[in-house]
Amino acid sequence: MTSAHDIASLTFRSTAAETLKGEARVPGDKSISHRSIMLGSLAEGMTEVTGFLQGEDSLNTLRCFRAMGVEISEPVDGRVTIHGVGLHGLAAPKAPLYVGNSGTSMRLMAGILAGQRFDSVLQGDASLSKRPMKRVVDPLLQMGARIESGAEGRSPLKIHGGQALRAIDYHMPMASAQVKSCVLLAGLYAQGPTCVTEPAPTRDHTERMLEGFGVAVGRTDSRVCLDQLDPADRRLRAAPLEVPADISSAAFFLVAASILPGSNILLTHVGLNPTRTGVIDILLAMGADIRIENRRTVGGEPVADLRVKNADLTGIEIDEALVPLAIDEFPVIFVAAACAHGRTVLTGAEELRVKESDRIAVMADGLSRLGIDATPTEDGMVIEGRGEPKPFGSATINAQGDHRIAMAFAVAGLKARGEVTVHDCQFVETSFPGFAELFNRLGGCLELSRH
Ligand code: S3P
């Protein structure tokens, strides 16, 4: 079994660049790519996917469904064909299902596997084995699933099949699209109408894709309910899927072009689902020059091109309502805050502590090493922006195996007085294959070494 853990450790060395120029389409949306494999496998008929993210995380989801007997073509240039087996057509895997670094794979698949007739085991890498899974195990147990987990509900998860699931009306204790999606996917196999109420809006790709596959989904602002069909009568119908470019990957270039004088770039075909656009709202509130051009809808998801030019940024108090809508983008938003004039305050973001790393602690530590006054708080950070041409010094930072930390500090290097050296960057492959090449093509100075 290969994973980013098995490949050589990767170090980034990022130094100051003049300006960013050019046009790029960043890789496909990770959240939508995972869901395309999951729902395409459970559908009846053939699902053709374009724009699929060929990153380690979504490839792990693909491998897991192959291990359950689904015929899925080898992705080429983002094209994948899935021969759906229907809701009840998955086969028992012969070995534990390995999802690597991917929390989305584990949490969403737990919902699907809870409804199967066979037993299965979900296993991740060392980092994922430390992340909280009780948040999905708890509602699944309430639905009648049988799951064994490690201490505090951590993985590996041993899921016993053959349970008759019952619908629940679940009020999520945290704003999590993964938990919501897990319950909805288990709900496909449950008797009665499964409902989830969320404390704040979270990404709704599962709901949109279910609708696209012909499942009736009732939605109000904070509540989503599946229909009450008997699970034996429920059908997902295959439909073509076009995955837009990932706004979470585009975010590194939104910030990079914003902070670097003279920059002017165009990011094409970016997914602008309103549950994902917090990073744009936050950067605009800081004074960024981001224009949304050529808005269109592709496969049920809004898409547009983003023109980004350099601008003078000012520190802000980030609106807590935007936090779940920008949850993956904070590492690079912190870099923007360090470059801005004045103080930026983030609160209400304690979820950052349980991502691929503790993103509050790791970012505050790295920024401090680079000479920035960054104070971590329980649920956020206070950053004193320096508003200088080169606010960052030079330092060696460990990305702690977190792809988004690695890329955020590569962006910081664009405005460093020396070199920003970032160790443990190999996990960039999980979400953004080709990051370094694109970074350099647009004008960055990033050197890579493998050990
Ligand atoms: C995701 C939801 C978010 C996000 C993750 C992907 C998804 O996690 O951080 O990268 O695809 O549903 P939470 O739901 O835990 O906030």
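Biologist: How far does a polar side-chain atom of K355 lie from an oxygen atom of the ligand?

Modeller: The pair consists of a polar atom in the side chain of K355 and an oxygen atom of the ligand. A polar contact is a pair of N or O atoms within 3.5 Å; within protein, one must be able to donate a hydrogen and the other to accept it, and residues adjacent in sequence count only if both atoms are side-chain atoms. In this predicted model, the separation between K355 and the ligand is 2.7 Å.

Biologist: What kind of model is this?

Modeller: Residues are numbered from 1 along each chain as its sequence is written, and side-chain values use heavy atoms, without hydrogens or water. Local features need pLDDT of at least 70 and side-chain atom pairs pLDDT 80 or more, while totals for chains, interfaces and linings use all residues, since this is a predicted model.

Biologist: Which residues surround the ligand?

Modeller: A residue is near a molecule if one of its heavy atoms lies within 4 Å of it. By this criterion, the ligand is surrounded by S31, R35, T104, R107, S176, A177, Q178, R203, I327, D328 and K355.

Biologist: How much of the accessible area of the ligand does the protein cover?

Modeller: The side chain of S31 has an N or O atom 2.7 Å from a ligand oxygen, and the side chain of S176 has one 2.8 Å from a ligand oxygen. On its own, the ligand has 380 Å² of accessible area (Shrake-Rupley method, 1.4 Å probe). Of this area, the protein covers 95%.

Biologist: In what order do the strands of the open four-stranded sheet stand?

Modeller: Strands are DSSP runs of E with at least two residues, and helices are runs of H or I with at least four, numbered from the N terminus; two strands pair if DSSP finds at least two bridges between them. The pairing in this sheet is mixed, and the order is β2-β17-β19-β18.

Biologist: Why is one side of β2 and of β18 left without a neighbour in the sheet?

Modeller: The sheet is open. Strands β2 (21-24) and β18 (289-298) each have a single partner strand, so one side of each lacks a neighbour; the reason is their position at the edges.

Biologist: What residue in β17 is the bridge partner of E23?

Modeller: Strand β17 covers residues 264-271 and pairs with β2 in the parallel sense over four bridges. Within β17, E23 has as its bridge partner L266.

Biologist: At about what angle does helix α7 run to β17?

Modeller: Helix α7 (residues 247-259) lies across β17, β18 and β19 (301-309). Axes are lines fitted to C-alpha atoms, for helices over the stretch in contact, and angles between N-to-C directions run from 0 to 180 degrees. The angle of α7 to β17 is about 165°.

Biologist: By how much are neighbouring strands of the three-stranded sheet turned against each other on average?

Modeller: This open sheet has antiparallel pairing and the order β20-β22-β21. Strands β20 and β21 stand at the edges, each with a single partner, so one side of each has no neighbour in the sheet.

Biologist: Through how many residues does a hairpin join β21 to β22?

Modeller: Strands β21 (residues 373-377) and β22 run antiparallel and are joined by five bridges. The number of residues in the hairpin is two.

Biologist: Is T344 buried or exposed?

Modeller: T344 lies in strand β20 (residues 341-346), and a polar atom of its side chain is 3.3 Å from the backbone nitrogen of I316. Its contacts (heavy atoms within 4.5 Å) include M286, G315 and V382. Buried means under 20% relative accessible area, exposed over 50%, and partly exposed in between. At 4%, T344 is therefore buried.

Biologist: Which backbone oxygen does the side chain of S58 reach?

Modeller: S58 is in helix α2 (residues 56-67) and counts as buried because its relative accessibility is 0%. Beyond four places in sequence, S58 touches S33, H34, F52 and L53. At 2.6 Å, its side chain reaches the backbone oxygen of L53.

Biologist: What distance separates the C-alpha atoms of L229 and T206?

Modeller: L229 is in the loop between β15 (223-226) and β16 (241-242), and its 38% relative accessibility means that it counts as partly exposed. Beyond four places in sequence, L229 touches A190 and R234. L229 and T206 are 23 residues apart along the chain, and their C-alpha atoms are separated by 18 Å.

Terms used: Buried < 20%, exposed > 50% of the residue type's maximum accessible area, 1.4 Å probe, protein only.
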